[in-house]
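This report goes through the fold, the surface patches and some C-alpha separations of one protein model. Please look at the sequence and the coordinates first.

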Amino acid sequence: MGGLFSTRVSNALGAGSPQSARVSVSAAMTLAVSEAILVSSIIFASRQVLGYVFSNEQDVVDYVTDMVPLLSISVIVDTLHGTLSG
């Protein structure tokens, strides 16, 4: 997604239209934040069962459950970073 919006921003700036570039950046960030929140919420909501994807051992399931908040934050930060550096 970042590549598409960076091209739109570059084209807008090259055409001398900073307002259009601002709108493109706002749209990109709105979509990125929405996507990140959606994915993080799904991962966080399924934290109790996500560990069973990897193993049936209770220790593994508990460890995955403990790590899901960090994973959710990582998804949000990575999505924003990818969008802004696109």
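The model is predicted: local features need pLDDT of at least 70, side-chain atom pairs count only at pLDDT 80 or more, and totals for chains, interfaces and linings use all residues. Residues are numbered from 1 along each chain as its sequence is written, and side-chain values use heavy atoms, with hydrogens and water left out.

**Overall shape**

The protein has four helices and zero strands, and along the sequence the pattern reads α-α-α-α. Helices (H or I, at least four residues) and strands (E, at least two) are DSSP runs, numbered from the N terminus. Among the helices are H2, covering residues 18-45, H3, covering residues 47-50, and H4, covering residues 58-84.

The C-alpha trace spans about 60 × 15 × 15 Å along its principal axes. The radius of gyration is 18 Å, whereas a compact globule of 86 residues would have a value near 12 Å. This radius is taken over C-alpha atoms, and the globule rule is 2.2 Å times the number of residues to the power 0.38. Of the 86 residues, 24% are buried. Buried means under 20% relative accessible area, exposed over 50%, and partly exposed in between (1.4 Å probe, protein chains only).

**Surface patches**

Patches are made of residues with over 30% relative accessible area and no salt bridge; like charges are joined within 9 Å, and nonpolar side chains (Val, Leu, Ile, Met, Phe, Trp, Tyr) within 5 Å. A salt bridge is a side-chain nitrogen of Lys or Arg within 4 Å of a carboxyl oxygen of Asp or Glu. The areas come from the Shrake-Rupley method with a 1.4 Å probe; for residues, only the protein chains shown count as cover.

Leu38, Val39 and Ile42 make a nonpolar surface patch of about 270 Å². Leu38 belongs to helix H2 and counts as exposed because its relative accessible area is 53%.

Asp59 sits in helix H4, and its relative accessibility of 63% is why Asp59 is classed as exposed.

**Residue pairs**

| Pair | Apart in sequence | C-alpha to C-alpha |
|---|---|---|
| Asp59 and Ser34 | 25 residues | 33 Å |
| Leu80 and Glu35 | 45 residues | 9.9 Å |
| Leu50 and Val64 | 14 residues | 7.1 Å |
| Met67 and Val53 | 14 residues | 14 Å |

Leu80 lies in helix H4 and is partly exposed, with a relative accessible area of 24%. Met67 also lies in helix H4; Met67 is partly exposed at 33% relative accessible area. Leu50 is found in helix H3 and is partly exposed, its relative accessible area being 23%.
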